[in-house]
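Biologist: I would like to learn how to read a few features in a model. Please take me through them one by one.

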Amino acid sequence: MSFLFPAFLFGLFALAIPIIIHLFSFRRFKKVEFTNVKFLKEVKEETASRARLKHLLVLLSRLLAIAFLVFAFAQPYIKNEGTEVKKGNKAVSVFIDNSFSMNAMGKDMSLFEKAKQKATEITSAYGVGDQFQILTNDFNGSQQRLLPSEEVAANVEALKISPATNTLSKVLSRQKQALEKSDAQNKILYVISDFQKGFSNNFDLDTNYNVFFVPLVTVNQKNVFVDSAWFQNPVQFLNQPQNLLVKIKNAGEAAVERSQLTLRINKQVKSVNEFSLQAGESSIDTLSFVVKETGWHKSELLINDFPITFDDSYFFSFNVAESVNVLAINQNSPNKFLNALFATSDYFKIKQKSSGQLDYSEFAEQQLIVLDGVKSIASGLAAELKTYVNNGGNLLIFPAIDIDKSSYDNLCRSLQIDGYGALEKNNKSVYRINTEEEIFKDVFERLSSNMSLPKVKQSYEFKRYSNTSAKLMSFKNGDPFISRYNSGNGKAYLCASPLDEKYSDLPVNAVFVPMVYKIAMSGNSSEKLAYVIGDDNLIEIKKEGLLDEAVYKMQGPQQEFIPQQNSIGSRLVLGMNNQIEKAGMFDLSADGFDPVYHFGFNYNRAESNLKYNTIKDLEEKYASQEVSILQSIDKNLKDVVGTLDQGTTLWKLCIILALLFLAFEVVLLKLWK
């Protein structure tokens with residue numbers, strides 16, 4: 001047994017006081033008059049013996065009462081093996097995991113409510129003069145303030161589930177930042193969580209801090225959720241069937257039978273699919289529908305699941321354009337094949353201009369720019385084309401037969417695509433079409449062996465400036481005829497021959513029409529289908545259709561705010577700064593005007609995967625770290641933490657014993673006559 005404050009043991013000298021009092025009390029005599037002295041000797045002996053016993057018992061009870069009172073002030077304890085009792089004031093940080101996975105049920109309540117209960121028990125184990133931090137995944141600035149003990153319970157009770165997620169290393173780092181401000185002698189960190197696999201990463205532990213993990217365990221691991229969605233084709237067309245691919249996961253321990261997946265577009269049910277999933281499996285379902293209106297379409301995917309419901313909805317949006325704008329830049333005269341190609345459809349709006357009569361401000365409005373037979377590319381045009389492609393535009397290049405190679409090289413190098421080499425004047429045929437590429441996917445039901453492919457009379461070799469090309473069509477020797485390159489946010493397509501029957505029959509071949517159509521329409525794809533709250537804090541959109549100098553605001557479910565807005569070329573960058581709190585559809589608009597963009601924001605699906613670290617996993621994972629794991633979840637953590645922090649304390653027992661001996665003294669004095 002040891003004492004927390006051994007200096008109080010000097011109080012044992014006070015034991016001399018009752019001894020001295022009793023010694024003086026023994027020498028005092030009381031005179032008693034008797035009428036008959038016959039039995040005087042017998043009475044004297046009996047009375048003296050009983051009085052001596054009574055005085056000794058009273059003395060003993062007083063000595064023991066004083067001794068145990070002194071022991072109570074000295075705070076005796078029995079030291080636990082491997083722990084050191086902490087003296088002085090304490091700064092305590094308690095992290096309460098308030099992510100969506102904490103909505104799972106424990107034995108008698110949700111894990112989140114259990115976490116709040118355990119946090120209250122932990123903080124109540126400490127003294128009035130100690131300081132506390134209550135931290136959640138939100139990492140709010142107010143949570144960096146150290147609270148007095150009387151404010152802790154109200155702060156814990158006010159906590160709510162949040163879409164925010166963090167990792168263990170970030171949590172511990174945030175806790176340390178708060179406690180660094182304190183001058184307390186002891187700094188203690190508690191982490192109360194379900195310890196999902198994605199949460200429990202590695203961390204560096206400072207030996208100045210004592211770290212305790214409080215793992216909570218769910219009793220019913222069940223969750224089916226919509227993971228993601230994407231269109232089979234990147235561009236959606238009016239009055240044409242569209243296929244939406246939806247990935248569904250079953251993260252629970254039980255199979256799901258005959259559940260429904262529903263697609264709503266503009267609040268109308270467009271498609272319903274039935275699905276079944278075994279435990280731990282995922283599947284990709286296809287929902288088909290027809291788009292009958294142009295403009296923005298606000299969409300939602302729905303399933304029914306319990307008790308974790310935050311991931312049962314998936315919000316997304318897409319835009320069906322009213323037209324596709326194409327700009328063809330030629331040397332002197334319009335290309336008849338391009339005119340014939342686009343003139344038959346009102347959906348395509350084509351402009352043909354010579355390279356010397358361009359208005360560069362029109363570039364941002366185009367879904368496709370075709371560089372057709374231009375001999376030399378001016379530096380100004382090259383710079384504008386680079387900006388256009390980097391901002392998400394599509395560029396299709398058909399060279400002239402006598403190009404200025406240095407000017408083409410400058411453009412190609414700036415776009416980080418292949419350039420043009422030597423001109424080959426020999427006949428050859430296209431041997432292969434890459435149907436895996438988006439441009440040719442779903443164009444052909446099957447490729448027959450006798451299919452007529454383009455024949456080439458003269459073509460350029462490609463200089464290898466890029467390692468990221470994809471061949472759309474290639475010759476038998478493997479050389480590309482048309483290649484695709486990703487450049488910035490856009491794409492560039494390079495053809496080895498001019499768009500002229502003298503050098504190639506491509507403009508009259510059957511593949512020409514679907515190829516150019518698909519290239520043009522792929523430049524009309526909208527922004528991302530969906531965004532993740534907390535991850536997608538920067539969103540780039542086209543400035544086309546936006547008002548200059550206008551301040552735009554985001555409006556969503558029970559929320560409205562003005563995002564940070566930075567103009568970069570033809571793009572507008574919106575900064576969300578973690579202001580979105582609830583999943584749903586958000587509209588971007590200026591005051592007094594209709595919305596110009598719509599965004600679907602969803603909760604992070606990291607919390608959907610119900611894979612947890614067991615206590616054994618935590619012990620093995622952090623065996624090299626000085627981390628203590630509190631497993632007594634069914635007990636009151638106030639007692640558990642008190643024992644861990646101070647050993648087995650005995651001061652309360654000392655007070656009880658002191659009171660008992662005082663009561664014994666009173667009984668002796670009152671009842672022993």
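Biologist: Does Asp108 count as buried or exposed, and at what relative accessibility?

Modeller: Asp108 counts as exposed, at 54% relative accessibility. Buried means under 20% relative accessible area, exposed means over 50%, and partly exposed lies in between (1.4 Å probe, protein chains only). A word on the source: this is a predicted model, where local features need pLDDT of at least 70, side-chain atom pairs count only at pLDDT 80 or more, and totals for chains, interfaces and linings use all residues. Residues are numbered from 1 along each chain as its sequence is written, and side-chain values use heavy atoms, with hydrogens and water left out.

Biologist: Which residue forms a salt bridge with Asp108?

Modeller: The general idea comes first. Side chains of opposite charge can pair when their charged atoms come close. A salt bridge here is a side-chain nitrogen of Lys or Arg within 4 Å of a carboxyl oxygen of Asp or Glu. Lys114 forms one with Asp108, and their closest N and O atoms are 3.7 Å apart. Lys114 is buried, at 15% relative accessible area, whereas Asp108 is exposed.

Biologist: How many salt bridges does the structure hold?

Modeller: The structure holds 18. One of them joins the side chains of Lys298 and Asp587, at 3.9 Å from N to O. Lys298 sits in strand β13 (residues 295–302) and Asp587 in strand β32 (residues 584–590), so this pair ties together parts that are 289 residues apart in sequence. Lys298 is partly exposed at 32% relative accessibility. Asp587 is buried at 16%.

Biologist: What are the rules for helices and strands?

Modeller: Both are DSSP runs, numbered from the N terminus: helices are H or I with at least four residues, strands are E with at least two.

Biologist: Which residue forms a salt bridge with Asp409?

Modeller: Lys463 does, with the closest N and O atoms 3.0 Å apart. This pair links distant parts of the chain, Asp409 in helix α8 and Lys463 in strand β22, 54 residues apart. Asp409 is buried at 11% relative accessibility, and Lys463 is partly exposed at 29%. Elsewhere, salt bridges that share partners join Lys351, Lys353 and Glu362 into one network.

Biologist: Now the helices. At what angle do the axes of α7 and α8 cross?

Modeller: Two packed helices are described by the angle between their axes and the distance between the axes. Axes are lines fitted to C-alpha atoms, for helices over the stretch in contact, and angles run from 0 to 180 degrees between N-to-C directions. Helix α7 (residues 379–390) and helix α8 (residues 405–415) have axes that come within 10 Å and cross at roughly 25°. The two are therefore roughly parallel to each other, a label for angles under 35 degrees.

Biologist: Which residues of α7 meet α8?

Modeller: Contact means heavy atoms within 4.5 Å. Ala382, Leu385, Lys386 and Val389 in α7 meet Leu411, Ser414 and Leu415 in α8.

Biologist: Which residues in α8 are buried?

Modeller: Ser407, Tyr408, Asp409, Leu411, Cys412 and Leu415 are buried in α8. Their cover includes α7 and several strands, among them β17 (368–372), β18 (394–398) and β22 (459–463). Just after α8, Gln416 takes a positive phi of about 60°.

Biologist: One loop to finish. Where is Asn220?

Modeller: Asn220 is in the loop between β7 (209–215) and β8 (224–231). Asn220 is partly exposed, at 39% relative accessibility. The C-alpha atoms of Asn220 and Ala254 are separated by 9.6 Å, and these residues are 34 residues apart along the chain.

Terms used: Parallel < 35°, antiparallel > 145°, perpendicular 65-115°, else oblique.
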